[in-house]
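Please read them with the structure open.

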Amino acid sequence: MTMKLNDEENDILAGKAGVVPQQALRHQIKVGEFFGAKDFVLVTQAHIMADTESLGEAGVQWLEGLAATTEGQRRVRIPTITDPRGTDFAKADLLGQTFAMLDLERRAIAAFEKLGVAMTNTCINYQTIQAPTRNEHAAFGDTGVVIYSNSVCGARSNFEGGPSALSAGLTGRTPRYGFHLPEFRHGTLRIKVDHTPTTLNGWGALGGVIGRIAGNYWAVPVVEGIEGAPKSDQLKHFGASMASFGSIALYHLLGLTPEASQLSDVAAADLPVHRVTRADVEALQRSYHTDDQVDVVVFSAPQLSLYELADLAELCDGRQFSVPLLAVTSPQVKPDSDRMGYTARIEGAGGSVLSGMCFYQSYAREISEANGWKRLATNSAKLVNILGGYGYRPMLASMEACVDAAVSGRLARI
């Protein structure tokens, strides 16, 4: 299938804007044709996943080649930001990261800056930079960003790989397929829950259960039974976990999210129904409690909001940790945390507040080997789902239980 191009797109493809946007559009045409896109849709912002652990030497050299171009358009056309980086340079020694890792990171940052990309280094841009609005078309990469933007904000984005998101920034458009189209946003299954979580790990576990049931990228769960109005941090953990466990990019909360005032708005009444109980959620959490001993406590994935740091600081008062505790936030939140004293309170107990990175995108396996960390406690369901592949034995618990474990070195049984 050949995509229909308008005059501007034909000019870009012919190289009239320069080799960089030409290369970007060629890539986008291949992606669009693969997914059956008929044409392009203009996008207003892009968000790039491009941690150097994933990029490697070849990826960074490719970025540097784009950045070294001197003729034609080289810089992005629309606001384009970055996902967490591979390190917090101020804490690299603590993590045990090597000079080679840091040098690759510096090179990637320099290339991105030459391309006009804003180095926001965050996976919570919907909390800290600029949340997309309903029906706004965007090109976002991080799965947690996409599912929050699609579901909670009512924006429209697919999961965009790093080169695709950068290409969108350079051309100002993306192939019109998937969740940019109304027909792909209809519910494909109904989920009826019998309780509403009260903790962030509970919300993440619920998202994980639903993600496993839904099971594929094109599935759109319609969730019923949630009471009250969930907060941003709760939906952040809920969606990030659902995306991690099930590759889900969009869900609807009946009566809560913007496209789902009532069932008929998003789904047919005869959709298959799946029931999720409190026991299902507790069973998932217990499955990630494989040991009593803890080597490290990590709060990350997604990065912590200011309110999460405030809650953590309160739990740290008067405590002294016997194992490392890492709290990872965004560069936008960290200064406020410093100014309000949250950072000092957490670090006064022996913890560390890191900025602009994400634990599993920061050479997690090498960090484990450098520090002897295997048994890791966290309140992030997304993180426990990922870290087993990096050689950890991750355990899921509440923020309170994780802080207690940082003090005693032992995680209490659920």
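1. Basis. This is a predicted model, in which local features need pLDDT of at least 70 and side-chain atom pairs count only at pLDDT 80 or more, while totals for chains, interfaces and linings use all residues. Residues are numbered from 1 along each chain as its sequence is written, and side-chain values use heavy atoms, with hydrogens and water left out.

2. Helix 9 against helix 12. Helices (H or I, at least four residues) and strands (E, at least two) are DSSP runs, numbered from the N terminus. Helix 9 (residues 200-214) packs on helix 12 (residues 278-287) at an angle of about 100°, and their axes are 9 Å apart. That makes the two helices roughly perpendicular. The axes are lines fitted to C-alpha atoms, for helices over the stretch in contact, with angles from 0 to 180 degrees between N-to-C directions. Angles under 35 degrees count as roughly parallel, over 145 as roughly antiparallel, 65 to 115 as roughly perpendicular and the rest as oblique.

3. Residues at that contact. Contact means heavy atoms within 4.5 Å. From helix 9, N201, G202, A205, L206, G208, V209 and R212 take part, and they meet D280, V281, L284 and Q285 of helix 12. By class, the contact of helix 9 with helix 12 has five nonpolar, four polar and two charged residues. Here Ala, Val, Leu, Ile, Met, Phe, Trp, Tyr, Cys and Pro count as nonpolar, Asp, Glu, Lys and Arg as charged, and the others, Gly among them, as polar.

4. Helix 9 itself. At 1.5 Å a residue, the 15 residues of helix 9 should span 21 Å, and its end C-alpha atoms are 21 Å apart, which agrees. The expected span is 1.5 Å times one less than the number of residues. Helix 9 is mostly covered, with 13 of its 15 residues buried. Buried means under 20% relative accessible area, exposed over 50%, and partly exposed in between (1.4 Å probe, protein chains only). Just after helix 9, G215 has a positive phi of about 80°.

5. Aromatic pairs. How many aromatic pairs does a search of the whole structure find? The search finds twelve. The rings of F34 and F35 have centres 5.0 Å apart and planes at 85°, so this pair is edge-to-face. Rings of Phe, Tyr and Trp (its six-membered ring) pair if their centres lie within 6.5 Å; planes under 30 degrees apart count as stacked, over 60 as edge-to-face and the rest as tilted. F34 is exposed at 68% relative accessibility, and F35 is partly exposed at 37%.

6. A buried pair. F238 and Y251 also form an edge-to-face pair, 5.1 Å centre to centre with 80° between the planes. F238 lies in helix 10 (residues 232-246) and Y251 in the loop between helix 10 and strand 8 (252-253), so the pair ties together parts that are 13 residues apart in sequence. F238 is buried, with a relative accessible area of 0%, and Y251 is buried at 0% as well. Elsewhere, ring pairs link F159, F179, F184, Y217 and W218 into a cluster.

7. Helix 7. Nine of the eleven residues of helix 7 (residues 143-153) are buried, among them V145, V146, I147 and Y148. The cover over these buried residues includes strand 2 (46-48), helix 6 (125-128), strand 4 (139-140), helix 10 and helix 17 (381-387).

8. L325. This residue is in strand 11 (residues 325-329) and counts as buried at 0% relative accessibility. Leaving aside neighbours within four places in sequence, L325 is in contact with V297, F299, L312, I346, G351, S352, V403 and A406. The C-alpha atoms of L325 and F299 are 8.0 Å apart, and the two residues are 26 residues apart along the chain.

9. Backbone geometry to check. Most residues other than glycine have a negative phi, and most peptide bonds are trans. The peptide bond from A301 to P302 is cis, with omega near 5°, and P302 is in strand 10 (residues 296-304). S247 has a positive phi near 60°; S247 is in the loop between helix 10 and strand 8 and is partly exposed at 37%. Phi of Y363 is also positive, near 60°. Y363 sits in the loop between strand 12 (352-355) and helix 16 (364-371) and is buried, with a relative accessible area of 10%.
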